[in-house]
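Dear colleague,

I am passing on the structure below, together with a written account of what was found in it. Please read the two side by side.

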Amino acid sequence: DSIGQLAGGVAHDFNNFLTAILGFSEILLDDAAPGSETRLDLEAIQKAAQHGASLSRQLLAFSRRQMLDLKVLDLAEVVRDFERMIGRVLGEHIRWSAHGDADLWHVKADRGQLEQVLMNLVVNARDAMPDGGTLTIETRNATIERGAPEQVQATPGAYVVFAVRDTGSGMDAETQAHIFEPFFTTKAPGRGTGLGLATVYGIVKQSGGFIAVESGTGTGTTFRVFLPAVAEAGLDESAAGPRHAAAVESASILLIEDDAALRRLLARSLEREGHRVRQAADSEAALALLADDPTLDLLVTDAVLPGQSGPMLARDIEPNRPDLRVLFISGYSDDAILRLGLLNEQEAFLQKPFGPRTFVQKVREVLAR
């Protein structure tokens, strides 16, 4: 709980910094000559910032405060797509196979987060087999009955299970008692942060599932992830590409962001796309601009602002401007935003950190609705 509160507390400012670093370096990279020292330096800056963003996501995942893009998924398809990466991750000294039920139920989860769970479990299995071994990934349907001794803390019902099983060194009971704690690791210094399984735990819990672990010293380890099955048949559309591929004509946009450097970056990104941008640092200045400009097409606002919040501002102006599209951005996690009652699932939202291309694409989608 303390780690979670810390992660949520620092996320806003930290993600603002990372968005600015990623964004300005991306803009500079567009003008840097291929192979030049300047380009290599900028790529190093971007890589460092991306590592920072990854660490932020891991902490938020552990604390169950990260944004989830929930969709109905065929878990067997997710595993099949992931298989393309397994060989490169494991190396030639480890044999692996994947199999499962033919008629697998669906789950409602974030595809990217599930892929992260799979990656973390596979990497841990690889590290437990330095001299080679066998890794197996299995998917199946399962029904948990009330009082089942193996899953006494699980809610009875239908689940889809994927198991990652290795023939590695295994773990004793003392190690198993700590594996999901943040920063706990049995690896040598410099070999890991100790956030891999903590991240897995947070993602699975936030997805409504649970994890069962079987292991023994010298007998290998099996992680079984249980995710609630859903009756919905709609499948993930992410592989189909952007929903709105058509170019959007120049729009008039009001941008509200209290961080001056970030406001400058976002305005510059929009202007490079041909949009007309007006800027404000808080809701009071934004209201004055709204009253002065009836032609605005889109409001882009930080969710948490000095004074009135972005969502409160949007709801206040909605009766007079029902046609005004709105995109909320924030460095705060969804837990903080929802706890404050600022957003609902239907409103367009983009969580920091993000780069200019991601931001411009999101604006394009909101304008095309």
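**What was found**

Leaving aside residues up to four places away in sequence, Ala49 touches Leu18, Ile21 and Leu22, where contact means heavy atoms within 4.5 Å. This is a predicted model, in which local features need pLDDT of at least 70 and side-chain atom pairs count only at pLDDT 80 or more, while totals for chains, interfaces and linings use all residues. Residues are numbered from 1 along each chain as its sequence is written, and side-chain values use heavy atoms, with hydrogens and water left out.

Ala49 lies in helix α2 (residues 37-62); helices (H or I, at least four residues) and strands (E, at least two) are DSSP runs, numbered from the N terminus. With a relative accessibility of 5%, Ala49 counts as buried, the classes being buried under 20% relative accessible area, exposed over 50% and partly exposed in between, with a 1.4 Å probe and protein chains only. Ser25 is 24 residues from Ala49 in sequence, and their C-alpha atoms are 9.8 Å apart.

For the protein chain as a whole, there are 11 helices and 12 strands, and 47% of its 369 residues count as buried. Of the contacts in the protein chain with a separation of 6 or more, 73% are between residues 24 or more positions apart.

Turning to the strands, an open sheet is formed by 5 of them in the order β9-β8-β10-β11-β12, with parallel pairing; two strands pair if DSSP finds at least two bridges between them. Because β9 (276-280) and β12 (349-351) stand at the edges with a single partner strand each, one side of each is left without a neighbour in the sheet. Neighbouring strands of this sheet are turned by 20° against each other on average, direction ignored, with axes being lines fitted to C-alpha atoms (for helices, over the stretch in contact) and angles running from 0 to 180 degrees between N-to-C directions. Strand β8 (residues 252-256) runs parallel to β9 and is joined to β9 by 5 bridges, and Leu254 has Arg278 in β9 as its bridge partner. Helix α11 (residues 356-368) packs on the sheet, where it touches β8, β10 (298-302), β11 (325-330) and β12, and its direction makes about 150° with that of β11.

Elsewhere, β1 (residues 70-74) and β3 pair in the antiparallel sense over 5 bridges, with Leu73 opposite Val107 in β3. Strand β3 is also joined to β7 by 2 bridges, again antiparallel, and His106 stands opposite Val230 in β7.

Finally, the buried residues of helix α4 include Val117, Leu118 and Leu121. At the start of α4, a side-chain oxygen of Asp110 comes to within 2.9 Å of the backbone nitrogen of Gly112.

With kind regards

Methods. A polar contact is a pair of N or O atoms within 3.5 Å; within protein, one must be able to donate a hydrogen and the other to accept it, and residues adjacent in sequence count only if both atoms are side-chain atoms.
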